[in-house]
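Let's go through this model together, one question at a time. Have the sequence and the 3D view ready.

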Amino acid sequence: MLLELRRIEVNFGKVAALRGVSMAVSASSIVTIIGANGAGKSTTLRAISGLAPLNGGEILFRGERIDGLFPNKVASKGIAHVPEGRRVFPEMSVEENLRTGAFLRQGSRDIEKDLRSVFEMFPRLEERRNRNAKTLSGGEQQMLAIGRARMSKPALLLMDEPSMGLAPVVVDEIALTIKRIASGGVPVVLVEQNAELALNLADYAYVLENGTVSLEGEAGRLHDDDHVKAAYLGV
Amino acid sequence: MIELLAQTGLNSLYAAAYLSLVAVGLVLIFGVMGVINFAHGELFMLGAYVVVALYSGFGVPYILVAAIGLIFVGCIGILMEFTIFRPLRDSPLGGLVASIGFLLIAQALVSMGFGVRMEHVPPVTQEVIVFSEKVRLPLQRLFVILAAVMFLSLLWIFLRRTRFGWALRASAQDAEAAALQGISIRQTSLIAMFVGAGLAGIAGVLTAPLISVGPHMGHAVIVAAFIVIIVGGIGSLEGAIVASVAYAFIHTIVTTFWDGVIADITGLSLMLLVLIVRPTGLFGTTDRA
């Protein structure tokens with residue numbers, strides 16, 4: 001297993017956000033976490049990257065404990081996190097944002113190569129490379145946030161609500177990108193409110209309800225599950 | 001009238017020079033660490049006392065004193081990070097209160113070591129550039145102006161062109177997102193404290209021969225520095241540099257034509273105006289403040 005969560009618990013004050021969540025992510029797959037607002041999806045990702053400290057359980061990445069590490073240390077292990085709401089650096093140019101994603105890397109030739117490949121993936125970012133990130137549209141900012149994560153050459157990519165607030169045509173583009181990243185050998189953990197999109201993209205899915213995993217299985221199978229259909233697909 | 005304007009312009013340039021060095025450091029620390037360093041004026045004061053101790057006291061060459069002042073006060077900044085701000089990272093208000101404590105300690109230690117009377121540092125140079133009968137620029141003031149331009153330019157290049165400069169800007173704009181890129185907030189905080197404190201220190205070193213040096217001299221600059229923080233807003237460290245220079249100019253011009261109290265009132269009014277019209281500050285984009 002590339003990533004393993006073992007009964008992790010996260011509390012916000014007295015409120016339990018995650019109560020014993022276990023998950024596993026294998027190499028080369030898209031794993032999705034779906035669920036209602038406040039079910040603990042984002043918190044799960046934040047726990048992995050060290051932004052939300054654990055109150056119990058453990059997290060293993062490549063067999064090594066990573067819970068309790070500072071977020072920058074988790075990043076240095078090869079986990080990139082595209083946070084909810086994109087969180088690009090507003091007063092930095094597109095190119096500076098991307099290069100900041102490569103902060104931990106040495107070797108400028110490799111970095112230049114990856115910068116070119118991000119621009120190939122998102123030509124619109126290249127057109128705007130000297131513009132400040134705050135001037136970009138929501139879709140462009142999402143591309144920038146994904147590109148920034150790619151610049152760290154991650155071994156695992158966490159994505160939090162990449163489709164949020166985007167026009168359908170842009171959502172399709174982002175979905176295609178996620179597929180390409182995964183087929184390029186970087187496994188993705190995808191948190192989505194758009195369950196239809198998530199289940200179509202993913203290989204494996206977890207359903208979170210009130211901070212616990214209520215259901216898990218192959219994405220195709222969950223897509224046909226009656227409970228999932230009624231609760232998340234609006235069928 | 002032209003001569004008065006020219007002389008005022010020169011005075012403003014000089015005041016803007018050292019004030020922006022102090023304010024920029026405060027803004028840098030606030031931007032990167034989210035904490036207000038109330039003792040920042042004392043760092044300026046400590047820089048001046050490095051001159052009193054080494055230059056007046058032992059006759060160490062001034063240029064060497066400047067280098068020592070920069071590094072010494074920069075290290076005081078690092079000391080503050082380790083003893084105050086890092087342990088209180090999760091509580092910005094705690095950091096502020098502790099920095100007030102540091103302010104009192106610094107003033108007390110200096111008073112014990114040097115006494116509370118005003119020190120007068122012998123001038124480094126007596127030369128004055130005479131443009132005309134009423135327009136003159138003492139060489140020491142020119143020195144302050146040139147040094148400020150140099151240090152602010154270096155800071156600008158550091159922020160714009162270097163990997164750690166980007167890390168500082170990224171932390172100031174979104175600390176959490178910066179951490180996700182592998183940027184260590186501990187590292188950026190150390191850099192911000194060293195650079196911010198060092199700049200305040202060098203401002204103290206530069207102005208010491210021109211003003212009266214006393215344990216409480218930090219008060220005068222800190223109010224101005226705070227106004228600059230609020231007017232400039234956070235988010236853009238470069239914006240803060242521009243705001244520091246602009247404010248220092250306005251303050252000096254008002255001081256010259258009216259007086260210092262009116263200048264402070266003008267500054268505070270500007271601050272209120274900005275808070276009403278643009279609560280995030282002129283250059284601010286984040287709502288962290």
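Predicted model: local features only at pLDDT ≥ 70, side-chain atom pairs only at ≥ 80, totals over all residues.

Q: Is Glu140(A) buried or exposed?

A: The cut-off for buried is under 20% relative accessible area. Arg128(A), at 18%, counts as buried. Glu140(A) has 6% relative accessibility, so this residue also falls under the cut-off and counts as buried.

Q: Which residue forms a salt bridge with Arg129(A)?

A: Look next at the loop between helix H5 (123-127) and helix H6 (138-150) of chain A, where Arg129(A) lies. The partner is in helix H3 of chain A, so the pair ties together parts that are 34 residues apart in sequence. The closest N and O atoms are 3.0 Å apart, and the partner is Glu95(A).

Q: Which residues do salt bridges that share partners join into one network?

A: One bridge to look at is that of Arg65(A) and Glu58(A), whose side chains meet at 3.0 Å, N to O. Arg65(A) is partly exposed at 44% relative accessible area, and Glu58(A) is partly exposed at 24%. Both belong to the network, which is made up of Glu4(A), Arg6(A), Glu58(A), Arg65(A) and Asp67(A).

Q: How many salt bridges are there between chain A and chain B?

A: Over all chains, the structure holds 21 salt bridges. One that crosses between the chains joins the side chains of Glu176(B) and Arg87(A), at 3.4 Å from N to O. The count between chain A and chain B is 4.

Q: Which helix gives the most to the side of chain A that touches chain B?

A: The rule finds 8 residue pairs in polar contact across this interface. Helix H2 (71-76) and helix H3 (94-101) of chain A each supply at least two residues of the side that touches chain B. With 4 residues, the one that gives the most is H3(A).

Q: Which three residues supply more of the area that chain A buries against chain B than any other three?

A: In this interface, 23 residues of chain A are in contact with 23 residues of chain B. The two chains bury about 2200 Å² between them, 60% of it on carbon and sulfur atoms. Supplying 31% of the area on the chain A side are Phe89(A), Glu91(A) and Phe103(A).

Q: Which element of chain A has the lowest mean pLDDT?

A: For chain A, the mean pLDDT is 95, and 100% of its residues reach 70 or more. Among its elements, strand E6 (residues 79-82) has the highest mean, 98. The lowest mean, 89, belongs to helix H10 (residues 226-233) of chain A.

Technical notes. Residues numbered from 1 in each chain as written. Chains lettered and ligands numbered in written order. Heavy atoms only, no water. Contact = heavy atoms within 4.5 Å. Buried area = accessible area lost by both parts, 1.4 Å probe. Polar contact = N/O pair within 3.5 Å; in protein donor to acceptor, adjacent residues only side chain to side chain. pLDDT = per-residue confidence, 0-100. Buried < 20%, exposed > 50% of the residue type's maximum accessible area, 1.4 Å probe, protein only.
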